[in-house]
Amino acid sequence: MSIKRSVYDFLTRLSVKLKGGGDKAIEKQKKKGKNTARERVEDLLLDEDTFLEIDLFVEHSVKDFGMDRKDLVGDGVITGYGKVHNRPVAVFAQDFTVAGGSLGRAHSKKIVKVMDVAAKAGIPLIGINDSGGARIQEGVESLCGYGEIFYRNTKLSGVVPQFSVILGPCAGGAVYSPALTDFVFVVDRISHMFITGPQVIKTVLGEDITQEELGGAMTQASITGNAQFYAKSETEAFNTLKKLLSFLPANSKELPPVSKPIPPDHPLGDDVIPDNRRQAYCVKEIIRGIVDASDFLEVHEYYARNMVVGFARLAGQPIGIIANQPRILAGVLDINASDKAARFIRFCDCFNIPLLTLVDTPGYLPGADQEHAGVIRHGAKILYAYSEATVPKMTVIMRKAYGGAYIAMCSKHLGATFVASWPCGEIAVMGPEGAANIIFRREIAAAEEPEAYRQEKIREYEEKFANPYVAAKKGYVDTIIRSSETRNTLIKVLSMAKQSRTGHPHGNIPL
Amino acid sequence: MEKELDKLIIDGTEYVTEVPECSIKPYEGVSDPSEIRAFIPGTIVEIKVSEGDMIEPGVVLLLLDAMKMHNEICSRESGLIGKIHVSSGDSVQKNQLLVNIIINK
């Protein structure tokens, strides 16, 4: 074959391969409001012309069930590497137009290869999931494929950041690769995740439930907490992912990228929270008053809303924020809030991102439901995560810090680098009402006017303990600052503290 | 769109805050041990006891075919078999009453 001929032959083969499952299948994909795998990788995710595809010419070698007559382009997945905001990433995107993106041996081998590239190069791994599941014709070979991917997801955990963008069905065993990664993105009406689908549930349990209710995007973002980010469109999901990447180092050995400091749009004054400790407010407003450009990327926005977590910058330095949200459930700690915070803390500790904890919590959520669902075991995860973390840990007590929840929210006792309290901080075993009721129970019962006596004792307790000075006297609070001084104080702490992790490396186990 | 605020009491203090529906569940108590119910829909394969039989905890009362398994349905308490509400071959719904137990006090 002449060189000219061979080049012509190559280009012909290439043009067929680049079409994936062909025009008809692409049209079907588009009709569902979905982009093709190639569009997602080249147009929505990566910087222009940076994608270097590998294994486009890989083919399966299955002979059973008529598979030998089937030509599956790229075996249903696109893999390679490219750049996001000029920083390298490894990527795979399942191609639903080829055999429904089903996972066979060759398909999984391609994913495994690109995961190994991410491990060797120390670059983030982004997976785009759009697959009908295991390729049944391949039997145990397809299960082997999933297993090898899970194994690598786990080995890569805490080494490079891993992301999953669910842009189609993701059912059965397939859900566990995303669940092992650090962040899962879902898109309204496009993403569906479940272990057993609506039909199986109907046959086995006789229960009717739609795909959307069972495992749609909002279900995953708000009820199950399986997804950290919810978007209205594929474009929005990728834009959020790119923003998230901008806070993160490429791997656990690097420091997060520092950008130019920008002051907040509305800096905090000295009257940012209500006088009345029973009054709610939105802690996100406080966060925006502290961080650079008032820019806060919230993680798990719709799940366990009594705890707010997310990324922001302080003088250009990325930080992870964990904050009680008095607006929801008075900012109590409960099972879901504990799991949410603990996993976020451990992620930040994996990737050298300093922590800022904002405290205003009355304690743990009471209830038989919480106790029986294991609030002790789940609550322990926050204690573990904070104690284990060796990145700088800064804590600001804004108002209530009561009881076990005070200890749990990155107190000095769990190794906080720096603890500040605002003058209205209340560090106590419980709220004044509850404390007075217990300490003076007999006296209140015996008093001539029990309610008046009770109120007097509440005031007494308030004056004595509902302040930050008792804790400051003992050195459990390093300093007391006005809320307007918060940003500048935290910036000073950050410039002093050693940023990288000094403890033993750990993964980011799903919690 | 701000949601209307509810009240939540912690340690005697009443907080004005949003209480999402799913976060507070009333305690429903443990199920009544004198009523043996189907924990899953399925088919009764075999009934191993008769009305009036004395039973001990853990004795298999009947087999329920569901999830590709013959599930053994037992009593938690000792006592007498009261009414048996199903026959072998019956299809049952989740939570359907199968057997009454007259529990030994």
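Biologist: What share of the 511 residues in chain A is buried?
Modeller: Buried residues make up 57% of them. Keep in mind that this is a predicted model.

Biologist: Okay, pick one. Why is Ser421(A) called buried?
Modeller: Buried means under 20% relative accessible area. Ser421(A) has 0% relative accessibility, so it counts as buried.

Biologist: Where is Ser421(A), and which residues does it contact?
Modeller: Ser421(A) belongs to strand E15 of chain A, residues 418–421. Setting aside neighbours within four places in sequence, Ser421(A) is in contact with Ile397(A), Pro468(A), Val477(A), Thr479(A), Ile480(A) and Ile481(A).

Biologist: How do you know whether the radius of gyration of chain A agrees with that of a compact globule?
Modeller: A compact globule of 511 residues would have a radius near 24 Å, and chain A has 26 Å, so the two agree. As for its extent, the C-alpha trace spans about 105 × 55 × 40 Å along its principal axes.

Biologist: And what is chain A built from, in helices and strands?
Modeller: Chain A has 20 helices and 17 strands. Take the contacts in chain A between residues at least 6 apart in sequence: 74% of those join residues at least 24 apart.

Biologist: How many positive and negative side chains does chain A have?
Modeller: There are 62 positive and 59 negative ones, and the centres of the two sets lie 4 Å apart.

Biologist: Over to chain B. What makes Val49(B) buried or exposed?
Modeller: The cut-off for buried is under 20%. Val49(B) comes in at 10% relative accessibility, so it counts as buried. Val49(B) is in the loop between E4 and strand E5 (54–55) of chain B. Not counting residues up to four places away in sequence, Val49(B) touches Ile55(B), Val60(B), Leu61(B), Ile81(B) and Ile84(B).

Biologist: You mentioned E4. How do you know that E4 and E9 of chain B are paired?
Modeller: Two strands pair if there are at least two bridges between them. Two bridges join strand E4 (residues 42–47) to E9(B), so by that definition they pair. The two strands run antiparallel, and Gly42(B) stands opposite Val92(B) in E9(B).

Biologist: What order do the strands of that open sheet follow?
Modeller: Four strands of chain B line up as E7-E6-E4-E9, with antiparallel pairing.

Biologist: Why are E7 and E9 called edge strands?
Modeller: Strand E7 (69–74) and strand E9 (91–92) of chain B each pair on one side only.

Terms used
Residues are numbered from 1 along each chain as its sequence is written. Chains are lettered from A and ligands numbered from 1 in the order in which they are written. This is a predicted model: local features need pLDDT of at least 70, side-chain atom pairs count only at pLDDT 80 or more; totals for chains, interfaces and linings use all residues. Side-chain values use heavy atoms; hydrogens and water are left out. The radius of gyration is taken over C-alpha atoms; the globule rule is 2.2 Å times the number of residues to the power 0.38. Buried means under 20% relative accessible area, exposed over 50%, partly exposed in between (1.4 Å probe, protein chains only). Contact means heavy atoms within 4.5 Å. Lys and Arg count as positive and Asp and Glu as negative; His and the chain ends are not counted. The place of a charge is taken as NZ of Lys, CZ of Arg, CG of Asp or CD of Glu.
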